[in-house]
Amino acid sequence: MAEQITCANGHIYENDLDECPYCPKTGQTQETILDSPGATAQDETSLGGVVNDKTAILKSTADKTQIHKPEGKASAPASARKLVGWLVSFSWNEYGEDYQLREGKTVIGAANESDICVPDSEVSGVHATLLYRDELFRLKDEFSTNGTKVNGEDIVDSVVLNDGDTIVVGQTEMKFRAI
């Protein structure tokens with residue numbers, strides 16, 4: 001193994017090199033193919049410098065973004081799921097707070113990890129779950145300390161929501177709107 005040295009900027013590199021490969025060279029610019037006469041936007045950017053195996057692999061795939069996911073998994077980020085409704089609250093902000101509802105499960109609670117994070121001291125970390133499946137919205141209380149109400153009534157099991165229903169968690173009132 002070659003001995004390593006540290007340059008003035010704190011980069012560590014092998015001592016068999018004449019200069020630090022990480023530090024920019026003063027007074028020297030790197031030309032791209034696009035700067036060359038006759039180049040087109042389809043050309044790759046030429047970075048020049050030392051090419052190692054990792055750089056060669058990155059360069060060969062640099063023109064395409066590749067997405068790797070396990071076989072059979074078709075999960076998408078929350079923002080890629082279809083928008084199916086809203087919850088709107090005026091409890092803590094006079095101008096209103098709106099929360100988008102998307103296909104699948106939406107967790108309502110005080111925890112930062114909740115899909116809808118409610119800033120209410122009477123709301124449990126995971127307070128309720130709203131599920132949209134088969135074109136129905138179901139709301140279930142998750143054994144919260146203060147319970148969940150729909151249209152003024154405590155829910156014990158999951159309930160089917162209808163457009164315009166009022167949901168109360170803690171001291172926060174939200175109006176449910178379906179698309």
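Tutor: Keep in mind that this is a predicted model. By the ring-centre rule, the count comes to two aromatic pairs.

Student: Why is the pair of Tyr 132 and Phe 137 called tilted?

Tutor: The centres are 4.6 Å apart, and the cut-off for a pair is 6.5 Å. The planes of Tyr 132 and Phe 137 make an angle of 50°; under 30 degrees would be stacked and over 60 edge-to-face, so what remains is tilted.

Student: What makes the rings of Phe 137 and Phe 176 edge-to-face?

Tutor: Their planes stand at 70°, and edge-to-face applies over 60 degrees. With the centres 4.7 Å apart, the pair also lies within the 6.5 Å limit.

Student: How do you know that this pair links distant parts of the chain?

Tutor: Phe 137 sits in strand β8 and Phe 176 in strand β13, 39 residues apart. Together with Tyr 132, these two residues form one aromatic cluster.

Student: Why do Tyr 132 and Phe 137 count as buried?

Tutor: Buried means under 20% relative accessible area. Tyr 132 has 16% and therefore counts as buried, and Phe 137, at 6%, does too. Phe 176 is buried as well.

Student: Which residues touch the most other members of the largest nonpolar core?

Tutor: That core has 20 residues, and those with the most contacts to other members include Phe 137, Leu 139 and Leu 161. Among the elements that give two or more residues to the core are β3 (83-89), β4 (97-102) and β8 (136-141). The largest share, three residues, comes from β7. In soluble globular proteins, nonpolar side chains tend to be buried together.

Student: What does Leu 139 touch, leaving out residues up to four places away in sequence?

Tutor: Its contacts include Ile 108, Leu 130, Val 150, Leu 161 and Ile 167.

Student: Is Thr 106 buried or exposed, and how do you know?

Tutor: Its relative accessibility is 4%; the limit is 20%, so Thr 106 counts as buried. Thr 106 lies in strand β5 (residues 104-109) and touches, among others, Leu 101, Ile 116 and Leu 130.

Student: What makes the contact between Lys 140 and Glu 142 a salt bridge?

Tutor: The N to O distance is 3.9 Å, and the definition asks for a nitrogen within 4 Å of a carboxyl oxygen. Lys 140, at 35%, counts as partly exposed, and so does Glu 142 at 25%, since that class runs between 20% and 50%.

Student: How many salt bridges does a search of the whole structure find?

Tutor: Two. Asp 163 forms a salt bridge with Arg 177, with the closest N and O atoms 3.3 Å apart, again within 4 Å. This pair joins the loop between β11 (159-161) and β12 to strand β13, 14 residues apart. Asp 163 is partly exposed at 42%, as is Arg 177 at 41%.

Student: Why are β6 and β11 called edge strands?

Tutor: Five strands form an open sheet in the order β6-β5-β7-β8-β11, with mixed pairing. β6 (116-117) and β11 each pair on one side only.

Student: How do you know that β8 and β11 pair?

Tutor: Pairing needs at least two bridges, and β8 and β11 have three, in the antiparallel sense. Across from Phe 137 stands Leu 161 in β11.

Conventions. Residues are numbered from 1 along each chain as its sequence is written. This is a predicted model: local features need pLDDT of at least 70, side-chain atom pairs count only at pLDDT 80 or more; totals for chains, interfaces and linings use all residues. Side-chain values use heavy atoms; hydrogens and water are left out. A nonpolar core is a set of buried Ala, Val, Leu, Ile, Met, Phe, Trp, Tyr and Cys residues joined through side-chain atoms within 4.5 Å. Buried means under 20% relative accessible area, exposed over 50%, partly exposed in between (1.4 Å probe, protein chains only). Helices (H or I, at least four residues) and strands (E, at least two) are DSSP runs, numbered from the N terminus. Contact means heavy atoms within 4.5 Å. Rings of Phe, Tyr and Trp (its six-membered ring) pair if their centres lie within 6.5 Å; planes under 30 degrees apart count as stacked, over 60 as edge-to-face and the rest as tilted. A salt bridge is a side-chain nitrogen of Lys or Arg within 4 Å of a carboxyl oxygen of Asp or Glu.
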